[in-house]
Amino acid sequence: KEDKETIEFCRSMLKRGECPPLLVVFDSHEGFTVQADAYIKDLTFLTEYAGDVDYLKNRENDGCDSIMTLLSPADPSQKLVICPDKRGNIARFINGINNHTPDGKKKQNVKCVRYDIDGECHVLLVACRDIARGEKLYYDYNGHEYAYPTHHFV
Ligand SMILES: C[S@@+](CC[C@H](N)C(=O)[O-])C[C@H]1O[C@@H](n2cnc3c(N)ncnc32)[C@H](O)[C@@H]1O
């Protein structure tokens, strides 16, 4: 119930033109990145991770580097993912922390949460601390599974 109320509140703010201050900026080492264009308070909802929903088994070989896990049931053949390659939003440009260096975790300023809205799972990206203007946004691509290679991440 709370999940639904919260997302409806965020959607009504967006309709009024009140959206989080985010900028997509190109970086020569990291590709496209997302930066805070103004101060962002801890726990601010930044964006939903948008895209087409599909079974992972249909997408395993398509080479997209922006596939997000939506649901991981016990039966792996039923695993659902969000694919932003054809339809997506700014979420696909938010970069990841390096899971193999001590500094990686320190860079994290965004967390990835799953919300139940009318029985459907949604992935939302939320600030997990205050973020200063000009800071790049980072979250952990490997919440549970450690399937995303990040050894080379800055
Ligand atoms: C979901 S996309 C993020 C947006 C991407 N930077 C772009 O230009 O489209 C994931 C890809 O971004 C790059 N990336 C993400 N985080 C990075 C980091 N910390 N350092 C370097 N590259 C990173 C990697 O190429 C990764 O496969």
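Trainee: Let's start with the two domains. How many Å separate the centres of domain 1 and domain 2?
Mentor: Keep in mind that this is a predicted model, where local features need pLDDT of at least 70, side-chain atom pairs count only at pLDDT 80 or more, and totals for chains, interfaces and linings use all residues. Residues are numbered from 1 along each chain as its sequence is written. Taken over C-alpha atoms, the distance between the centres of domain 1 and domain 2 is 20 Å.

Trainee: Which residues make up domain 2?
Mentor: The bounds come from an automatic or database domain assignment. Domain 1 is made of two stretches, 2-49 + 93-139. That leaves domain 2 with residues 51-88.

Trainee: What is the mean pLDDT of the chain?
Mentor: pLDDT is the predictor's confidence in each residue, from 0 to 100. Here 99% of the residues reach 70 or more, and the model scores ipTM 0.99 and pTM 0.94. The mean pLDDT of the chain is 94.

Trainee: Which elements give two or more residues to the shell around the ligand?
Mentor: A residue joins the shell if its C-beta atom, placed from the backbone, lies within 6 Å of the molecule. The residues around the ligand are H29, E30, G31, F32, D65, S66, R92, F93, N95, G96, F153 and V154. Strands are DSSP runs of E with at least two residues, helices are runs of H or I with at least four, and both are numbered from the N terminus. The elements giving two or more residues are β2 (31-36) and β7 (95-96).

Trainee: How many residues of that shell are charged?
Mentor: Asp, Glu, Lys and Arg count as charged; Ala, Val, Leu, Ile, Met, Phe, Trp, Tyr, Cys and Pro as nonpolar; and the others, Gly among them, as polar. Sorted that way, the shell has four nonpolar and five polar residues. The number of charged ones is three.

Trainee: Which residue in β6 stands opposite M68?
Mentor: Three bridges join β5 to β6 (residues 80-83), while four join β4 to β6. In β6, L71 has L80 as its bridge partner, and D54 stands opposite V81. Opposite M68 stands I82.

Trainee: How many residues of β1 are buried?
Mentor: Strand β1 (residues 22-27) pairs with β2 over six antiparallel bridges, and the two form a hairpin with three residues between them. A residue is buried if 20 or more other C-beta atoms, placed from the backbone, lie within 10 Å of its own, exposed if 12 or fewer, and partly exposed in between. Among the six residues of β1, the buried count is zero.

Trainee: Is L43 buried or exposed?
Mentor: L43 sits in the loop between β2 and β3 (45-48), and its phi is positive, about 75 degrees, although it is not a glycine. Since 11 other C-beta atoms lie within 10 Å, L43 is exposed.

Key
Two strands pair if DSSP finds at least two bridges between them.
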